[in-house]
Amino acid sequence: MRESAMPQAGMALPIVLVLLAMAAMLGTAGLRSSLTAERLAGNLKASVQAGMAAEVAASRGWAALNGSGDITVESSQEMSESMTWHEFLDPSHFQGEPARLADCAAPRRCAYRYVEEASRRHFVVAMGAVMEGGGRVLASSEPVRVAVVFSRLAELFSRYVLLAGGEVATGEGRASASRIHGNAAQDEGERVRIPYTDTSPPEGAVSLAVGSDEDGLPYCRFEESGDLGGRVYHCEGRLEIGAAARFHNAAFVARDDAHLSGEIGRASAVDVAVLSGGDIRLEAPGIVRGWLMSAGDAELAPGTALEGAIIAHGDIQASGALAHLVGDPVLPHAPREKRLLSWE
């Protein structure tokens with residue numbers, strides 16, 4: 001019995017060593033599994049953060065969009081969907097146009113672009129990324145595409161400072177190039193279609209008090225000041241905006257001529273629209289900031305400054321100072337100037 005116990009006692013050490021090795025292997029595998037799970041969780045978190053950054057950039061791009069004039073770069077859905085973060089930032093892929101960075105907090109970064117496709121559809125395209133300190137991309141999002149549509153009127157106001165169905169004359173003489181366009185000077189194929197000027201009372205419009213002038217013709221006089229709360233005013237006759245008027249955030253529709261003498265609009269952006277069924281004359285000591293549309297002729301008198309745009313079915317005589325400014329005024333009888341169609 002004593003002789004058979006000796007070999008069994010000699011096997012204890014190898015068995016313990018094997019068990020220790022197996023325990024070490026299991027511990028190492030568990031540690032690796034934990035590290036892998038941690039990395040996967042980190043990657044998932046970075047991917048979610050990148051996607052959220054793209055949504056932020058798309059929202060910023062949407063809010064900052066003034067008109068179709070901002071969307072100049074032609075692209076394709078296939079190209080933008082296959083891009084990496086660095087390719088999306090690279091101006092060489094977008095006709096030299098730099099990407100617009102949004103205010104995402106580190107380590108997130110986000111950017112957006114305004115893109116017009118060959119089909120003439122307009123988009124805000126945005127991407128987000130999570131970056132390491134050294135500039136390495138931990139994760140990037142798929143491109144977020146926001147489709148945008150503009151009303152025809154808003155598109156024209158965003159593109160031209162002066163657009164006439166007839167001739168355009170400025171203080172420097174007649175002009176019909178670039179953002180100043182007169183159909184009378186163009187060939188048939190280059191003429192711009194100007195939408196009909198609808199001066200019927202829009203739904204919910206405030207009707208202005210109507211008086212009679214010395215000739216017995218109806219007219220309305222408007223001399224209010226301040227923020228008019230986005231209201232639309234309608235005049236069943238000639239509209240006179242007096243020199244005492246100092247207002248913004250409103251729209252006016254006049255059946256007949258419109259004569260503007262007051263200071264209109266805010267310094268930061270255009271938020272006033274005036275539609276006239278007759279002629280429009282601007283003769284103000286201050287600055288007129290607005291989008292003005294006339295079914296007849298339009299005149300910007302000497303000494304008057306316009307920051308905005310004029311569209312007239314007739315001729316335009318602009319002897320005052322001109323600056324093309326876009327904004328987001330209410331356009332009666334038109335669809336919303338810009339609206340979200342879909343997030344793709």
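Buried here means under 20% relative accessible area, exposed means over 50%, and partly exposed is whatever falls in between, using a 1.4 Å probe and protein chains only. This is a predicted model, where local features need pLDDT of at least 70 and side-chain atom pairs count only at pLDDT 80 or more, while totals for chains, interfaces and linings use all residues. Residues are numbered from 1 along each chain as its sequence is written, and side-chain values use heavy atoms, with hydrogens and water left out.

**View A. Asn 249 and Gln 95 have positive phi without being glycines.**
Asn 249 has a phi of about 65° and sits in strand E16. Helices (H or I, at least four residues) and strands (E, at least two) are DSSP runs, numbered from the N terminus. With a relative accessibility of 24%, Asn 249 counts as partly exposed. Gln 95 has a phi of about 55° and belongs to the loop between helix H4 (85-89) and E2. At 58% relative accessible area, Gln 95 is exposed. For background, most residues other than glycine have a negative phi, and most peptide bonds are trans.

**View B. A cis peptide bond runs from Ala 106 to Pro 107.**
Omega for this bond is near 5°. Pro 107 is in the loop that connects strand E2 (100-101) with strand E3 (108-117).

**View C. Cys 104 is joined to Cys 110 by a disulfide.**
A disulfide is a pair of cysteine sulfur atoms within 2.5 Å, and the S to S distance for Cys 104 and Cys 110 is 1.9 Å. The torsion about their S-S bond is about 110°, so this disulfide is right-handed. Cys 104 counts as buried at 17% relative accessibility, and Cys 110 counts as buried at 2%.

**View D. Another disulfide ties Cys 220 to Cys 235.**
Its S to S distance is 2.2 Å. With a torsion of about 95° about the S-S bond, the disulfide of Cys 220 and Cys 235 is right-handed. The pair links distant parts of the chain, with Cys 220 in strand E13 (residues 218-222) and Cys 235 in strand E14 (residues 225-235), 15 residues apart. Cys 220 is buried at 0% relative accessibility, and Cys 235 is buried at 1% relative accessible area. The structure holds 2 disulfides, and numbering the bonded cysteines in sequence order gives the pairing 1-2, 3-4.

**View E. The largest nonpolar core has 35 residues.**
A nonpolar core is a set of buried Ala, Val, Leu, Ile, Met, Phe, Trp, Tyr and Cys residues joined through side-chain atoms within 4.5 Å. Those with the most contacts inside the largest core are Leu 239, Phe 247, Phe 252, Leu 260, Leu 292 and Ile 316. Strand E16 (residues 246-254) gives the most to this core, with 4 residues. Apart from it lies another core of 19 residues, among them Leu 153, Val 192, Met 293 and Leu 331.

**View F. Met 293 lies in strand E21 (residues 287-294).**
At 0% relative accessibility, Met 293 counts as buried. Contact means heavy atoms within 4.5 Å. Leaving aside neighbours within four places in sequence, Met 293 is in contact with residues including Leu 153, Phe 157, Ile 194, Tyr 196, Val 274 and His 313. The C-alpha atoms of Met 293 and Leu 163 are 9.5 Å apart, although 130 residues separate the two along the chain.

**View G. Helix H5 (residues 152-159) is mostly covered.**
Of its 8 residues, 6 are buried, namely Leu 153, Ala 154, Glu 155, Leu 156, Phe 157 and Ser 158. The buried residues of H5 pack against strand E4 (122-131), strand E7 (162-164), E21, strand E23 (305-312) and strand E25 (321-324).

**View H. The second largest pocket is lined by 13 residues.**
On a 1 Å grid over the protein atoms alone, a pocket is an open set of points where a 1.4 Å probe fits, with protein on both sides within 12 Å along at least five of seven lines, and lining residues have an atom within 4 Å of a point. Leu 153, Pro 195, Tyr 196, His 333 and Ala 334 lie nearest the centre of this pocket.
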